[in-house]
Amino acid sequence: MATQRFQQVGSRAGKTLGGFRTFILRGNVVDLAVGIVIGAAFTSVVTALVSGIITPLIPVSGNQSLADWIIPIYNNGQLKIGAFLVAIISFLIVAAVIYFLVVLPVNALTSRFKPHEKPVEPPPTRDCPYCLSSIPAAATRCAYCTSPLPPLAPVQQAQPQQR
């Protein structure tokens, strides 16, 4: 009895682990993991660029750089405005690089290879002569006031002229 229960637990665990293995080996999970690692490395490069090259070029006052800009507040507190501005500059650089080097090319590729769809024309409608609601042209009764509607006049096609 105990061995049968143990085998059932083992088979359920095998199914669960098999599903996990299938999930991990899917291409999009691996691509996501690679993207996160590369994104973290790129973010550290941009942070070094901003803190080492860009912020020293922006003078605040005296010998301070932008990253060192602090505003003293009540009770020996400090507002680290410079660190916040450095973080904003780093974010904007990362966002711009991602937009121009990833988003725009992907959008261009998808629009190039996506089949062009014809715009769907809305079905023809007409106004109910009693309540002035817009209803389908082929309707014989108004959906809003339930009045019977006169039939549509048949559309006459232009006949070719004979010479």
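A nonpolar core is a set of buried Ala, Val, Leu, Ile, Met, Phe, Trp, Tyr and Cys residues joined through side-chain atoms within 4.5 Å. Buried means under 20% relative accessible area, exposed over 50%, and partly exposed in between (1.4 Å probe, protein chains only).

I noted that this is a predicted model, where local features need pLDDT of at least 70, side-chain atom pairs count only at pLDDT 80 or more, and totals for chains, interfaces and linings use all residues. Residues are numbered from 1 along each chain as its sequence is written, and side-chain values use heavy atoms, with hydrogens and water left out.

**Confidence.** I looked up pLDDT, the predictor's confidence in each residue, from 0 to 100. The chain's mean is 79, and 82% of its residues reach 70 or more. Helices (H or I, at least four residues) and strands (E, at least two) are DSSP runs, numbered from the N terminus.

**Core.** Which residues make up the largest nonpolar core? I found five: C128, I135, A139, C142 and L149. Skipping residues up to four places away in sequence, C142 touches C128, C131, I135, S147 and L149; contact means heavy atoms within 4.5 Å.

**S147.** I then went to S147, in the segment after β4 (134–136). S147 has a relative accessible area of 16%, so it counts as buried. Beyond its neighbours within four places, S147 contacts Y130, T140, R141 and C142.
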